[in-house]
Amino acid sequence: MIEPQEPEARVVLSTQEAQERLQQYGRNVLEEKTVSPLLKLLSYFWGPIPWMIELAALLSAAVQRWPDFCIILALLVFNAGVGFWQEFTAGNAVEALRKQLALKARTLRDGVWGQLDASLLVPGDVIRIRLGDIIPADVKLVEGDYLSVDQSALTGESLPVTKRQGDEAYSGTVAKQGEVVAEVISMGKNTQFGKTAGLVEEAVTVSHFQKAVLTIGDYLIYISVVLVVILVIVQLFRHSPWLELVQFSLILTVASIPVAMPAVLSMTMAVGAMALSKRKAIVTRLESIEEMASMEMLCSDKTGTLTQNQLTLGEIETFAAPDDQTLLRNAALACREEDRDAIDDAVLQGLHGLQDSADLQSYQQLTFVPFDPIHKRTEATIQDGGGRSFQVTKGAPQVIMEMCALGEDAEKRGREAVERFAEQGYRALGVAHKTENDANWIFDGILSLFDPPREDSAATIASAREHGVAVKMVTGDNVAIAKQIAGKLGLGTNILSAEQLPSKDALGQHGAEAIEKADGFAQVFPEHKFAIVKELQALNRIVGMTGDGVNDAPALKQADVGIAVSGATDAARAAADLVLTAPGLSVIIDAIEESRRIFERMNSYAIYRISETIRIMIFVVLTMLVFDFYPITAIMIILLAFFNDVPIMSIAFDRTPLDKRPVRWNMQRVISVATAMGIVGVIGSFVMLLLAKEWLHLDVAQIQTYVFLKMAVAGHLVLFVARTKGYFWERPFPAPVVVWSAIVTKVLATFLAAYGLGLITPISWPEIALIWAYSIMSAFVTDIIKVDVYRHLEQNAGRHHGFLAQLKQPFHAHPLRK
């Protein structure tokens, strides 16, 4: 018999001492950093681009051009509103973690037990922990036999962990069995739970979407600023009115810089998010859609994500029991169903799968002794239908076999069975019975238990590979269990334990490569998951992470795409970019496919927007330098933005091809294609200007309308050219809403050119017909040039890819994996 340990000597705090320590250590809460919503909103009106828009609006008001002023102001407010709403509705992971902390604690102060707000606990406080309690701080057990703790949400372990005197238990975990007295050793942000919250706050990523927008913006800003400076200098030498010149230059610059680009791309992603929600995937951060399209590696939590987080009956090894049914029946009789113990549930479920499991009702349980970590077994006295009594027991196989006094051969066979199950990652359970006539217990056999994979996990992993996404398993369980599950799911068996992971100080290139080559990771804590994601990102990998527990929150936040699976904790959901509301991972494949379609739409718009800026900016500046007149007015530039950019949001509904490989922003390709298309547009516009000036002999006001309509019609046709890498008349055809938005806006622009409506000088219908015919012909020419540029870039990329492969780089980009 095991003797209980003597309680450790301890000092009971007085109220006065507790108050002093509270002043020293602070409250037992996670710090929350908040920013005023008003300040967040105002921040979107502060910065280089907002300043330019605001200055243009002020100049428009100064010269009393109120239509210009209203449209510019509307553009400014629209962009700020979209950005603010995205940030305002984002989930706060730290707040969700705070909500999971225990609210009250049974505390011993001044020698008296009482209820105390958990936020007022201090190091040295003595508390009592019972079944069902959420542990309010990191504690050291000082009294009591044992405490069974469910810490799966913190560590990912699928079974409760037994703690004894001297062991530590963590804040935020749940007591499942036992009752102990413990001493608080860490609180608030210094607990394991608090460190997890700290990692969530520490996790910072800049999305590739943001980088792409900045790259495009920088490129267009450089072009615009250079051209505007040249224009202003030349026009000032020509003694142009400086106020009108500055106002026109600002409007031209604002039109050239893609101030509406974030809004249009956000609209595209928002529509995609609505489509994903219908497939049971809720997007909490819009930029994550673009990241998911680029995702190359998916680090998946095992427990509750790849597996069901529910123990299930595995192989059965019978000894004295005549068959599996008898062995399972005796094991089930040694259970108490109302306790809802994970092992008891697995045994009972296994029995319910037998044909005559109903005969269990004919037995009556007279007494029941629950499991405890000292005796390591349960025991029950049973009475059958005939009134005969017998005893059953189940528990650790070594304990049960020792009780049964097995022979040498039977004991050897039992040890081999236990070892075989352990090698497969199974948990073994011994079963025995004893009748009134038996002197010793009779060893019935051994059951194996395991947490089975979800039904769709293997198929999801295979499908992810077909989509170019490598899957790595991450778990808090031991290596044997990890390898067993990995084998069933078709993953590799190169599983690294936490001890095998390179240290933070010695990671380097070699350590990062070891992480990249691993098929999974076992016995990991939150900081390990967080580090794994960061190291893969350091190799320029786009990393996704799935999870469901508090322990997953830091890695979910750090990952390019954090995915909270169905049934995830609030903390995991708040840290995630994508929240799955249907069981299993199959919806992730749907999300990947949808995100790649969305990416194609954003890529098309980016090419369109850059080419349009080049077409308008260079044409306008060169025309003023060569012919010394404004080829288009300021109000026309703003109207062009309305006729092209506002309806262009219909691209969010466009049909696009589906790429089977991860796609990334390739800015060299985007800018090269867009620049080539823009230069073709500039040449076409110059030819059109010469026709209007030299052949049709139009005056300046009519030429301005002529140029306006040409840019409006040709501009939207450029979108149809930009939306595919092949010829624009090939499949997939544009969605009806894209076609109709083009038709409606161009008809409006045409009627505006024909009738003026007090805004511009009208032109004749034959001149309008000429513009339409010329614009359509120009679109075909632009399309041919575009296809040729793509073909040239593909050839160069192929040669570059081969060169990198020869150098054996650890990571090579996929320049044409669109």
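In β16, a strand spanning residues 427-435, His 433 is the bridge partner of Val 392, and β15 and β16 pair in the antiparallel sense over six bridges, where pairing requires that DSSP finds at least two bridges between two strands. This is a predicted model, in which local features need pLDDT of at least 70 and side-chain atom pairs count only at pLDDT 80 or more, whereas totals for chains, interfaces and linings use all residues. Residues are numbered from 1 along each chain as its sequence is written, and side-chain values use heavy atoms, with hydrogens and water left out.

Strand β14 (residues 377-383) also runs antiparallel to β15, joined to it by seven bridges, and Glu 379 has Thr 393 in β15 as its bridge partner. Five residues lie between the strands of this hairpin, and Gly 387 there takes a positive phi near 85°.

| Strand paired with β15 | Bridges |
|---|---|
| β14 (residues 377-383) | seven bridges |
| β16 (residues 427-435) | six bridges |

Because five of the seven residues of β15 (residues 389-395) are buried, the strand is largely enclosed by the rest of the structure; buried means under 20% relative accessible area, exposed over 50%, and partly exposed in between, with a 1.4 Å probe and protein chains only.

Elsewhere, Val 744 sits in helix α27 (residues 736-755) and is partly exposed, with a relative accessible area of 45%. Val 744 and Phe 643 are 101 residues apart in sequence, yet 9.5 Å apart in space, C-alpha to C-alpha.

Across the protein chain, buried residues make up 53% of the 818 residues.

Notes
Helix = DSSP H or I, 4+ residues; strand = E, 2+ residues; numbered from the N terminus.
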